[in-house]
Amino acid sequence: MRFRRGGSNLPAPRSARSSRKYHVLVLSLLFLSVVAPLLFLTTQGGLFRFNLGSKDLIEGAENAQQRELSAFEQIENMFPKEVINTIVSSIDDSGPLSLNTARRKDLSSSWVIEKPVTSALESLKVKDNLASANGVAVRSQTRTSTGIKEILETSADSLKVANLKVSNDGLNSTAGILVGGDPSEEKLTPAQNARRKMRMERKVKRSRELTQQDDAIAAKLEEVVAERTKGIGSGSVLNKYSIWRRDNDENSDSLVRLMRDQLIMARVYASLAQSHNRAHILHELRTRIRESQRTLREAAIDADLPHSASDRVKAMGQVLSSAREQLYDCTGITKKLRAMLQLSEEQARVLKKQSSFLSQLAAKTLPKGIHCLSMRLTIEYYKLPESERRFLGQEKLEDNDFFHYALFSDNVLAASVVVNSTIHNSKDPNKHVFHLVTDKLNYPAMRMWFLANPPGYATIDVQNIDDFTWLNSTYCPVLRQLESAAMKEYYFKADHPTTIAAGSSNLKYRNPKYLSMLNHLRFYLPEVYPKLDKILFLDDDIVVQKDLSPLWSVDLRGKVNGAVETCGHSFHRFDKYLNFSNPHIKRNFDPRACGWAYGMNMFDLQQWKRKDITGIYHKWQDMNEDRVLWKLGTLPPGLITFYNLTHPLEKSWHVLGLGYNPSVDRGEIENAAVVHYNGNMKPWLELAMAKYKHYWTRHVKYDHQFLQQCNIN
């Protein structure tokens with residue numbers, strides 16, 4: 001049987017056609033399952049836009065976007081969303097994505113964002129505007145006719161962003177667009193780069209301006225609110241506990257003040273409870289008042305309170321709340337508070353008078369330690385033989401080539417500070433001579449102190465005022481007036497005050513310093529030192545801080561007294577010291593004339609003698625026998641005696657007020673040649689102001705045996 005070639009395979013044509021159909025189907029499935037998803041991922045991953053609102057995209061961006069959207073829609077219709085997400089998540093990303101890419105809502109949620117390219121601008125705090133200000137569209141084009149390997153390689157290199165450059169003048173960003181690996185094909189033009197840079201700079205500048213404006217507005221509002229709140233209810237509880245107060249967090253006595261305020265309200269309600277016969281609430285209020293008083297005691301700050309203070313405050317608050325519910329009466333509370341206020345004001349006036357009396361009393365008393373020191377020194381002085389009671393350098397006492405000081409005091413410790421501080425700050429101690437005058441009681445102690453503690457190379461001499469035989473009632477008007485019955489009545493009886501408050505007004509004029517001739521001896525300097533031409537007078541309540549020898553070179557221009565003026569806008573002028581209702585005062589003096597200070601005065605004794613200053617003093621002192629021209633003291637007669645005869649010195653030579661003024665400028669004190677503790681708060685008294693006391697105490701020899709034995713520390 002002959003067979004034709006291929007005759008045994010008659011059904012072959014059908015098999016070939018079937019095989020071709022099968023291959024077409026396989027290729028179609030392969031395209032749909034592999035090539036199409038890769039094409040989608042490549043085209044989709046090849047376009048990342050950092051600036052979604054930019055109008056400067058490269059040519060063909062719109063067409064590419066349309067093609068990508070069309071391809072995406074076709075693939076999305078062919079496969080479920082879960083399949084697309086699975087394919088996308090299983091393929092490695094071709095590069096980091098910008099956070100702003102997610103805003104397009106055309107990426108799957110499975111895309112992982114890593115290492116955003118915005119790190120170069122994060123330091124400028126414009127993260128929210130970075131994408132819109134600096135982004136560039138990046139796209140990679142692929143050819144569909146290439147193989148799978150080429151597509152993957154193109155996909156992996158599809159995203160490349162140019163470096164962002166930040167300079168002091170602004171942010172200068174440039175982006176290279178890589179198309180098929182050739183960066184020269186789709187570069188942005190210089191004009192586009194310039195426009196992009198300008199937009200970016202405007203946005204950054206605007207962001208900074210808005211931030212600064214917000215901060216400024218917030219700070220201004222806070223200041224306004226704080227200032228307005230300070231003015232609300234000044235002196236009231238509302239003002240004290242305002243949360244807007246800047247010092248609210250730093251208040252160390254807020255709990256103390258709260259307890260005091262509770263005590264006030266508790267007393268008010270206790271009074272109302274008593275008038276309304278509410279025995280139970282009255283008992284509770286009185287109990288809480290006693291507890292709060294025991295808790296407070298003398299506490300000034302919260303740290304002084306016991307741990308139970310907070311519980312007491314809560315308990316008092318509960319009782320006050322209950323009392324308010326039962327007894328609140330606006331009219332009654334107002335009347336009670338007004339009565340309490342008036343009573344407090346009256347008590348304050350009485351306490352002020354008592355304080356004035358006690359301060360005057362303390363000022364004229366001598367501390368026990370200083371009295372003890374004087375007694376011990378007196379005993380030691382009389383133990384010395386006569387040959388050892390003399391000072392060295394007596395030949396300098398009348399030599400005008402030296403710097404001479406006059407110091408009149410009955411306080412051994414105070415005099416030692418004046419001498420020690422002067423010598424300590426002098427450039428040439430050998431040329432300084434101190435003339436001390438004291439009373440009979442303190443004369444041995446004063447001599448013994450300086451014999452045992454000589455002032456270095458300086459010369460010192462101590463005299464007894466009782467040895468000045470010429471100083472008697474015949475020559476001195478003050479001594480003659482002190483012997484009169486009227487003056488004794490004024491000084492020692494003071495109209496027989498029955499209370500402390502009644503006698504406080506006259507007490508300051510009955511200070512022993514006004515009776516002591518040591519205080520008036522300053523008007524007799526030529527008589528005390530007849531052979532000296534110039535002398536510097538010092539009070540015993542001063543401290544020297546600089547070399548005083550330049551004062552001898554000051555030209556007084558024919559005046560007698562060189563002193564620092566003390567007048568301010570209306571203070572320390574003549575009308576504050578003299579009675580200008582008297583015709584003698586009104587006719588001879590200007591009420592607005594500037595006053596000056598005793599304590600450090602350079603006196604030209606030659607001019608003193610020529611102008612008969614002591615005679616002028618005697619004249620006016622005789623006219624003031626009835627105290628109609630001025631009250632007692634030495635400053636008013638000094639102002640009269642040296643009227644138009646005083647040369648003003650620089651204020652830095654003499655700073656006053658450390659004995660009464662707590663607000664003396666510290667810079668003035670540090671720069672002063674002499675600081676003066678004028679006033680009642682002398683540095684050797686316990687009532688001295690602590691902030692000024694160290695200027696004086698550093699010149700006290702606390703390690704001295706007698707000071708330690710007398711408990712002076």
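1. In this predicted model, Val543 stands opposite Val675 in β14, and β9 pairs with strand β14 (residues 674-676) in the antiparallel sense over 3 bridges. Strands are DSSP runs of E, at least two residues long, and helices are runs of H or I, at least four, both numbered from the N terminus; two strands pair if DSSP finds at least two bridges between them.

2. The open sheet has 3 strands in the order β9-β14-β13, with mixed pairing. Because β9 (542-544) and β13 (654-655) stand at the edges, each with a single partner strand, one side of each is left without a neighbour in the sheet.

3. The whole structure holds 2 disulfides (a disulfide being a pair of cysteine sulfur atoms within 2.5 Å). One joins Cys372 to Cys710, S to S 2.2 Å, and links distant parts of the chain, with Cys372 in helix α12 (residues 368-383) and Cys710 in the segment after α27 (705-709), 338 residues apart. Cys372 is partly exposed at 24% relative accessible area, whereas Cys710 is buried at 6% (buried is under 20%, exposed over 50%, partly exposed in between, with a 1.4 Å probe and protein chains only).

4. Cys567 and Cys594 form a disulfide with their sulfur atoms 1.8 Å apart; the torsion about its S-S bond is about -100°, so this disulfide is left-handed.

5. Residues are numbered from 1 along each chain as its sequence is written, and side-chain values use heavy atoms, leaving out hydrogens and water. As the model is predicted, local features need pLDDT of at least 70 and side-chain atom pairs count only at pLDDT 80 or more, while totals for chains, interfaces and linings use all residues.
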